[in-house]
Amino acid sequence: MIAELSHYALVLALALAIMQAVLPLWGAAKNDATLMGVAEPVAIANFAFVALAFAGLTALYIGSDFSVTNVFENSHSAKPLIYKITGVWGNHEGSMLLWVLVLALFSAFVAAFGGNLPARLRANALGVQGLIATAFLLFILTTSNPFLRLEPAPAEGRDLNPILQDLGLAIHPPLLYLGYVGFSISFAFAVAALLEGKIDAAWARWVRPWTLAAWVFLTLGIAMGSYWAYYELGWGGFWFWDPVENASVLPWLTGTALLHSALVVEKRDALKIWTVLLAILAFSLSLLGTFLVRSGVLTSVHAFATDPTRGVFILAILAFFIGGSLALFAWRAPELKPGGIFAPVSREGALILNNLLLTAAAATVLTGTLYPLALEALTGEKISVGAPFFNRTVGPLMLLLLVLMPAGPLLAWKRGDALGAAQRLVLAGGIALAAVILLYITAGGSLMAAISLFVAVFAIAGAITEFAERIQLFRVSAGELFSRAIGLPRAAYGSIFAHAGIGLALLGIVAESNWSTERIVALKPGDQVSIASFNLGYTGIGRREGPNWIEDVGRFEVRRGGTLVAVAEPAKRVYVARGMPTTEASIHTFGLGQLYVTINDPEQGGGVSARIYWKPLVLLIWLGPVLMAVGGVLSLSDRRLRIGAPRRAARAAVAPAE
Amino acid sequence: MRRPLHGIALHVAALAFAFATALGAALALEPGEMLKDSALEARARALTKTLRCMVCQNESIDDSNAPLARDLRVLVRERVAAGDSDAQVREFLVARYGEFILLEPRFGARTLLLWGVPVLVIVLGGLGVALAIRAKRPAPAPLSEEEQRRLAAILNENKKL
């Protein structure tokens, strides 16, 4: 019954989505308030029905109803409850349903809290959201229905892919989708603006909070995915330039560019056409990412879907939305009036440079990801484009971006003082240089390592310089410093945190790739290994049993200066239902560094070969993005943006029924 | 919610476990494969990180557990130990397995666009931006007669001081 009801709810959601797509757009074109007014209640109802279907699928998973094909293929009665729930989106059909759920959620938010938007803009934006929802609901119902039954019902399920049986699955995909799909709002606003032929500072103020929210989620989602891969895959890498990772980085790069260019539209009424294009591109690349992952066109670990009909369907969706929006852009963009003028050396100029570098990075990642496909299709020749290529091309672009970053906030709008900004950054540059000299002497490294280290420390010190400049450190009394620090707008703190965060992440990456130490050794019980300041004593191997797996677990006593500081228990695990082995790394954190131990299959007599890493400062790779996200949230809570858009939200929450 | 494994399930599990172990779902690089000479080993290691495990999905042979990756790791170390330069090892492998094995494609006619994209975007984008900024900046309008007179008056006043 649950399956049928949920299926029905999804069909009703499709009907509502079609209404949401057609009526408000028609109303906006005819200037008919009644038709436009349909958008809000329908968007909220659409969310309710998609949520109902999603809840239904979750109930089927929790109840282990193996008469439903999707549950049978991806669940197991012995699986812990948390993985029964996360298993809902650990497969193609369920993850598409999650995608639509997030989309409907965002639409409902715009409907509920978008009261201060101009009626036509709101109707057009919700209409575009309705179009997207219609396309994806059709896709789910016709090619990826999670509610299909199986006859006769099997007694036991096939279990979820062991790599996915992890807390990471609970957090990573929802965050990532909140980011991907969040950009649909900026997209919808951009298309709405094109339909109206009007875009101004107010528009940028409405769009920015949504873009910022999506960016925060995407940043956290990507960082979370990276940490997950780091501890789950068992060889200590944190970024593989896998096509699927690239697919998530593309909207991030364009979204970051969009955040910065929307700032120019908001403050200076310039860069409007480019900003609209970026809003279209950010979501188009989200769609492309969904296509690459879902169609299985690029086979990689994440691609669960291999059915070509799905690929063709998503390709059609892609063509419709990307092609349609770009055509609309080409047609209507010339009508947008260009705004304020500015000198090349100015805040605007710096933000344009930021956009140029981010766009170049995005173009490189996109080309690198699709090039092998295109080349093989055109010439039949097979080449690989992997990590070394991306490190060599995207790496320098990002370094250039980060080394220029501290100067941006120090330049004035319209006409900046390059020399003045440079003078104010002398101290930051000195600190960075000192760090390079110090670490070069003690730890050594390549020229590239020295350059990257300089850029990382400079970016962090530059963010602190921005703070010092804003509160006029060294120029005013201590009491006034405090009141200045309090009085600083939250958006200013947001930018300082985000800029320091990316610097910290780079510092972590530099440390991980240059000063990690690694030991690959064969051990017998009683053997000792030293690495960095640690001494690991291997005591032997034992067998352990979990709810749906068994593992061989090694035991290492970790000593530092003679005292026992940790017991490392890395394991080789086999998941019963699929007979699939996984490597369970043992990770212990000391300060910002981590001791990372994995073992191979044990030999007769308890011998084992182990891989032991000491990775100094490695946590910064993920703490940096967390700091960036904190910056995003701070900026989101800024008074300026609250006045711009969701101010009514607070009131509506207090008195919902009016 | 944790249920112990029992009966047939446990049996199947043990079998699966033995099977997986026998197959040697190994950790990428094994201690036994490594070269004694640490300088040569470091070179071989760096090389294997840039070579694709051709039966895997976007994994280097250094990272991969696949038997083929292991064979290639051994092969690379043999060549390195025999005195081949990095370029010679790559050449040898490309001749045997094709360009597909290189994770970093070589610069050439076929990959011109690939390698050129970052530069192209920066150059064309920069040019576009420069033109746009220039077009936007209106040339200062010539002073009107009235303004000319006022300017002259101000200049004269300054002279008197």
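**Entry 1, ground rules.** I noted that this is a predicted model, in which local features need pLDDT of at least 70, side-chain atom pairs count only at pLDDT 80 or more, and totals for chains, interfaces and linings use all residues. Residues are numbered from 1 along each chain as its sequence is written, chains are lettered from A and ligands numbered from 1 in the order in which they are written, and side-chain values use heavy atoms, with hydrogens and water left out.

Strands (E, at least two residues) and helices (H or I, at least four) are DSSP runs, numbered from the N terminus. Strand β3 (residues 534–545) of chain A runs antiparallel to β2(A) and is joined to it by 4 bridges, where pairing requires at least two DSSP bridges. Val529(A) stands opposite Leu536(A) in β3(A). The two strands form a hairpin with 2 residues between them, and Ala532(A) in the turn has a positive phi of about 45° although it is not a glycine. I also noted that Ala532(A) counts as exposed because its relative accessibility is 51%.

Most residues other than glycine have a negative phi, and most peptide bonds are trans. I found that Ser64(A) has a phi near 50° and lies in the loop between α3 (39–62) and α4 (69–74) of chain A; at 16% relative accessibility, Ser64(A) counts as buried. The peptide bond from Glu151(A) to Pro152(A) is cis, with omega near -5°, and Pro152(A) is placed in the loop between α7 (119–143) and α8 (167–196) of chain A.

I found 1 disulfide over all chains, the term being a pair of cysteine sulfur atoms within 2.5 Å. Cys53(B) and Cys56(B) form a disulfide with their sulfur atoms 2.0 Å apart, and the torsion about their S-S bond is about 55°, so the disulfide is right-handed. Cys53(B) counts as buried at 0% relative accessibility, and Cys56(B) counts as buried at 14%.

Key:
Buried means under 20% relative accessible area, exposed over 50%, partly exposed in between (1.4 Å probe, protein chains only).
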